[in-house]
Amino acid sequence: MDMDFIRKNLPPYSVLMSVYVKEKPANLTESLESILQQTVPPDELVLVCDGKLTDELNVIIKAFESEYSEIFHSVRLLENVGTGMAANEGIKACRNELIAKMDSDDICVPDRFRLQLMMFVKKPKLDMIGGYIEEFDDTTRQPIAVKKTPLTHEEILKFAKRRNPFNNQTLVYRKSFAQKVGGYTDIKRCEDYEFITKMLMEGAVCENLPEVLVKYRVTKDNYKRRKNSANTKSFIKVRWGLHKAGFSSLWDFLVPTVAQLILFIMPEKFTGWAYKKFLRK
């Protein structure tokens with residue numbers, strides 16, 4: 001396979017990532033390397049620094065800026081504004097129409113972007129595409145499970161009425177469409193689900209690839225984040241907004257809301273069991 005020929009026939013793309021002060025330097029390094037070592041590397045990597053960072057993180061960022069000066073650009077925010085608003089600043093900074101999202105502690109598989117770009121070539125009406133993730137244990141590095149998503153546009157629309165039909169860190173979307181819907185809001189949790197449903201309600205054509213595109217780091221704090229009060233409030237607020245907008249029925253609002261409230265009040269072990277049993281699919 002002639003990768004130079006493939007690259008010349010694929011559209012340019014930007015990778016958008018944000019990082020904040022609590023990120024581990026080793027995780028950020030591994031994540032950035034997985035992007036820059038792709039079979040089809042990005043034309044641009046925009047890293048939004050969401051507020052003041054540690055000296056260790058700044059050293060890493062400056063090193064990547066120096067080594068990859070032609071494509072690596074950082075956007076510095078004076079204070080922490082949250083994932084959604086940081087993404088908006090990154091969207092504005094990206095120069096390409098196709099923007100690939102990535103989290104600062106996850107790892108792209110080597111062929112991720114080639115697979116996604118080829119889909120945009122094959123199906124030029126696509127506005128957004130994602131794929132599967134493989135969860136792995138942060139301590140042992142052993143794979144845990146594959147989190148699958150609905151594949152077709154019709155399946156995605158149906159699934160989205162109650163749950164997020166995408167793994168957010170696998171998304172590639174059109175900048176023009178993201179700006180058309182106003183980007184992300186300032187909600188602190190569930191901002192990715194809210195953004196995706198805004199895209200769908202506006203008519204975005206979407207698909208998921210039946211391929212693992214990103215390896216997702218699972219730590220002991222994952223389940224705590226799923227059941228904290230801020231996450232639960234945002235979970236309910238976003239789903240109520242979707243119901244009021246006519247995107248979902250009252251039943252579509254009630255079922256996931258009741259389930260989330262049960263997860264919130266039950267012990268952490270139950271939350272972990274429920275996620276593995278029902279929510280990973």
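Phe 64, Tyr 68 and Phe 72 are joined into a cluster by ring pairs, a pair being Phe, Tyr or Trp rings (for Trp, the six-membered one) with centres within 6.5 Å. Keep in mind that this is a predicted model, where local features need pLDDT of at least 70, side-chain atom pairs count only at pLDDT 80 or more, and totals for chains, interfaces and linings use all residues. Residues are numbered from 1 along each chain as its sequence is written, and side-chain values use heavy atoms, with hydrogens and water left out.

Search the whole structure and you get six aromatic pairs. One of them is Tyr 13 with Phe 113, tilted, at 5.0 Å centre to centre and 45 degrees between the planes; under 30 degrees would be stacked, over 60 edge-to-face, and the rest are tilted. This pair bridges strand 1 (residues 13-19) and helix 5, 100 residues apart. Helices (H or I, at least four residues) and strands (E, at least two) are DSSP runs, numbered from the N terminus. Tyr 13 and Phe 113 are both buried, meaning under 20% relative accessible area with a 1.4 Å probe, protein chains only (exposed is over 50%, partly exposed in between).

Then there's Tyr 184 with Phe 195, a stacked pair at 4.1 Å and 15 degrees. Tyr 184 sits in the loop between helix 7 (175-180) and helix 8 (191-201) and Phe 195 in helix 8, so the pair ties together parts eleven residues apart in sequence. Tyr 184 and Phe 195 are buried too.

Back in helix 5 (residues 112-122) you'll also find Arg 114, which counts as buried because its relative accessibility is 11%.
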